[in-house]
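Hello,

Here is the structure I promised to send over. Please have a look at it first, then read my notes below.

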Amino acid sequence: MKLSNYVLTTDELSDVGLDKKRIIFSTRSATSILVEENIYENLTAGNFDIIDSEMRNVLEEKEFIVPEDQDEFSYIMAVNAKVKEEGNYLSMTIQPSANCQLGCHYCGQSHSKHYASDSVIDKYYERIVYLLSQKEYEGLAITWYGGEPLTGYSSIKKTSAKLIELAKERGLNYTSDMITNGLSLKPALFKELVEECKVSGYQITLDGTAESHDTRRITKTGDATFDIIFKNIVDVTNLPEFKENGCRISIRVNIDKTNYQYVEPLIDYVNENKLQGKVSMYFATIVDFGGNDAGKDSLKKDFFAEKEIEWLLKCYEYNIAVNVMPKRTYSVCMAEKKDSEVFDAFGNIYACWEFPYSDTYGKGDSLIGNLFFPKETYNENATLRNWNDMLTSGQTWCKTCKHLPICGGGCPKSWFEGTPACPPFKSNYKDRLLLDYFIRKKNEELRSATI
Ligand code: SF4
Ligand code: SF4
């Protein structure tokens, strides 16, 4: 047996009251363990025999210790391929509207007042029926994206009715979520979306408090949007239907040099409005979307990672849900899944949801094809479909990176554009491991106090 290449560790933790201890993390199993320094020393020295048998079994089971002759990179890629092959949900993204009310400077799309017509909806349906016939699936998962999807609500309603019926006929589970700017998400519409269209997950972007958000996420005519969107979030999360249907809202904050100062006040505002238990928060860096120079004000990776820890900690103190630790990632995103496609309002098919309505990626090699043309004309090797080859050939840093099993390689589009896609976790994992440890400890204490 040998020590796995895919092990991360904090420093020794006496500074935080954990004398002669440290946290080790296997990215192969996404498991962290608090261990005594002497165990860590024996582990790194390969003295596995003198580690007590119970601990040693855990270290083997959680893949800190792996077979001597195993080529770990090949093993991980083989496991990923198997899990992908066995994937039992057909996951599609539908962008039924080329329109959006907002004019965010960092958006890479060209908007037009075009919505999926009945004939396009029929083609969505036909293609999904065809894909379902290619493999045994247990479920159908639809993500609505745009433009702003709710500007094409009538197309969403018609498509959902057909797909929900299809899933019912075939005995498939049906799940749906939506990336929306939240401007039109009024309670009456929300109820219809949840009850008729079965959309239960929502991602809504707020770029800081009003002071910052309203300089960036404004309407095309320059009007402010923060107060409307925030009120919508408060109103819909107060509906009984929100809880009854297990709905989730993730607030995404797009961050660069011009607005990172407003993230903390936004977290305070979420807390003041008592949205704990109703929303989660996610902090994202702004990058170029199709060569539009949106990333020119990006924060340096290390600085972002440092600030992110402060934001995560603040959310933790307020009991606002955040994702502190990554999970094992078997598939980086839809781009590499051959059966996962994006449809736009014109019937175009792509492999990445950032491609539709983009001047750079809307046509040419990025286009798989169009639903109105025979499938024999489709380009199976459209841009990003070869992500696995890029990764295994070593064109990115991922082949030798300890984070690969949890990261999967980041965003293929970013690497394709020549920008390393490493997530902040790579820079702040030591702090995150510690934060995760304290969260779990607090949860255990709360559990034992209630028994
Ligand atoms: S390639 Fe990047 S932008 Fe496109 S779907 Fe994947 S993660 Fe998203
Ligand atoms: S994107 Fe960066 S962190 Fe992720 S596997 Fe590749 S090199 Fe590692």
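Across the interface of domain 1 and domain 2, four residue pairs are in polar contact, both residues at pLDDT 80 or more. A polar contact here is a pair of N or O atoms within 3.5 Å; within protein, one must be able to donate a hydrogen and the other to accept it, and residues adjacent in sequence count only if both atoms are side-chain atoms. On the side of domain 1 that touches domain 2, four residues are nonpolar, two polar and three charged.

Some background. This is a predicted model: local features need pLDDT of at least 70, side-chain atom pairs count only at pLDDT 80 or more, and totals for chains, interfaces and linings use all residues. Residues are numbered from 1 along each chain as its sequence is written, chains are lettered from A and ligands numbered from 1 in the order in which they are written, and side-chain values use heavy atoms, with hydrogens and water left out.

Domain 1 covers 2-69 + 424-450, and domain 2 covers 80-322. The bounds come from an automatic or database domain assignment. Nine residues of domain 1 are in contact with nine of domain 2 (heavy atoms within 4.5 Å). Together the domains bury about 820 Å², 66% of it on carbon and sulfur atoms. Buried area is the accessible area (1.4 Å probe) that two parts lose on being put together, summed over both.

**Salt bridges**

Between the domains there is one salt bridge. Arg 432 and Glu 308 form a salt bridge through their side chains, at 2.6 Å, N to O. The rule asks for a side-chain nitrogen of Lys or Arg within 4 Å of a carboxyl oxygen of Asp or Glu. By this rule the count comes to 26. Glu 72 and Arg 28 also pair this way, at 2.6 Å. Glu 72 lies in helix H3 (72-86) and Arg 28 in the loop between S3 and strand S4 (31-36), so the pair ties together parts 44 residues apart in sequence. Helices (H or I, at least four residues) and strands (E, at least two) are DSSP runs, numbered from the N terminus.

**Ligands**

Best wishes

Methods
Ala, Val, Leu, Ile, Met, Phe, Trp, Tyr, Cys and Pro count as nonpolar, Asp, Glu, Lys and Arg as charged, and the others, Gly among them, as polar.
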